[in-house]
Amino acid sequence: MATRLARTEGLRGLSVRSVAASAGIGATTLRAYFPSQALLYRAVAERVISQVLSEEWIQDVSLAPVDRLYASLRQFLPGMADRHSALSMWFERLTLALGSDANAEVLEMVRSGHDESVVVVTRWFTLLAADGSAPRDTPEVLANRFVALVDGLHLSLLLDKGEGALDRAEATLRWFAEESLTAPEENAPDAKPA
């Protein structure tokens with residue numbers, strides 16, 4: 001219910017009272033599960049990330065490792081159909097967390113979404129490493145770099161309304177995927193440094 005409310009009403013409309021009213025229960029009842037607004041926001045952020053991101057591509061061993069990684073990371077960018085709404089929600093979240101009327105609860109939601117994204121992407125790099133692909137750095141470092149990169153790509157997409165903006169963002173993700181994993185020949189035991 002809270003996730004649906006956040007999508008339809010925006011983050012400004014998300015509160016313990018509004019979620020309780022939408023669910024047809026009392027706010028006191030909901031507060032038994034979410035004693036603070038921050039805990040509600042954390043739960044919504046984690047739920048949104050887990051609902052939106054699929055493990056389908058990262059687990060598809062029929063694809064090359066770079067393709068598995070790129071297809072998985074691509075989920076963080078909006079599609080053409082939902083580009084405006086996805087970017088608006090991203091911008092609203094940052095504005096609420098960092099703007100003049102910022103509050104600790106929304107900052108917690110942004111932090112939770114960031115943290116959950118890092119956890120998911122770390123898991124993807126760890127899975128690729130377990131399957132024999134060698135990340136160029138630790139999975140945690142690469143995941144943090146990716147989350148910073150995708151925030152920059154969202155800002156770029158928000159500002160660049162041009163027809164090729166999404167293509168450029170996708171090319172940047174492809175570059176990141178290629179640069180994050182060593183080439184198979186670099187993994188070979190007798191490979192010599194260039």
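Asp 151 is in contact (heavy atoms within 4.5 Å) with Trp 90 and Arg 93, leaving aside its neighbours within four places in sequence. Before I go on: this is a predicted model, where local features need pLDDT of at least 70 and side-chain atom pairs count only at pLDDT 80 or more, while totals for chains, interfaces and linings use all residues. Residues are numbered from 1 along each chain as its sequence is written, and side-chain values use heavy atoms, with hydrogens and water left out.

Asp 151 sits in helix α8, residues 139–159; helices here are DSSP runs of H or I, at least four residues, numbered from the N terminus. With a relative accessible area of 28%, Asp 151 is partly exposed, a class that falls between buried, under 20%, and exposed, over 50%, using a 1.4 Å probe and protein chains only. Its C-alpha atom is 9.6 Å from that of Leu 77, 74 residues away along the chain.

Leu 77 comes up again with Arg 74. Arg 74 is in the loop between α5 (65–73) and α6 (83–98), and at 17% relative accessibility it counts as buried. What does the side chain of Arg 74 reach at 2.8 Å? The backbone oxygen of Leu 77. The Arg 74 side chain also makes a polar contact with the side chain of Glu 170, at 2.7 Å. A polar contact is a pair of N or O atoms within 3.5 Å; within protein, one must be able to donate a hydrogen and the other to accept it, and residues adjacent in sequence count only if both atoms are side-chain atoms. Not counting residues up to four places away in sequence, Arg 74 touches Gly 79, Leu 166, Glu 170 and Leu 173.

Definitions and conventions: Helices (H or I, at least four residues) and strands (E, at least two) are DSSP runs, numbered from the N terminus.
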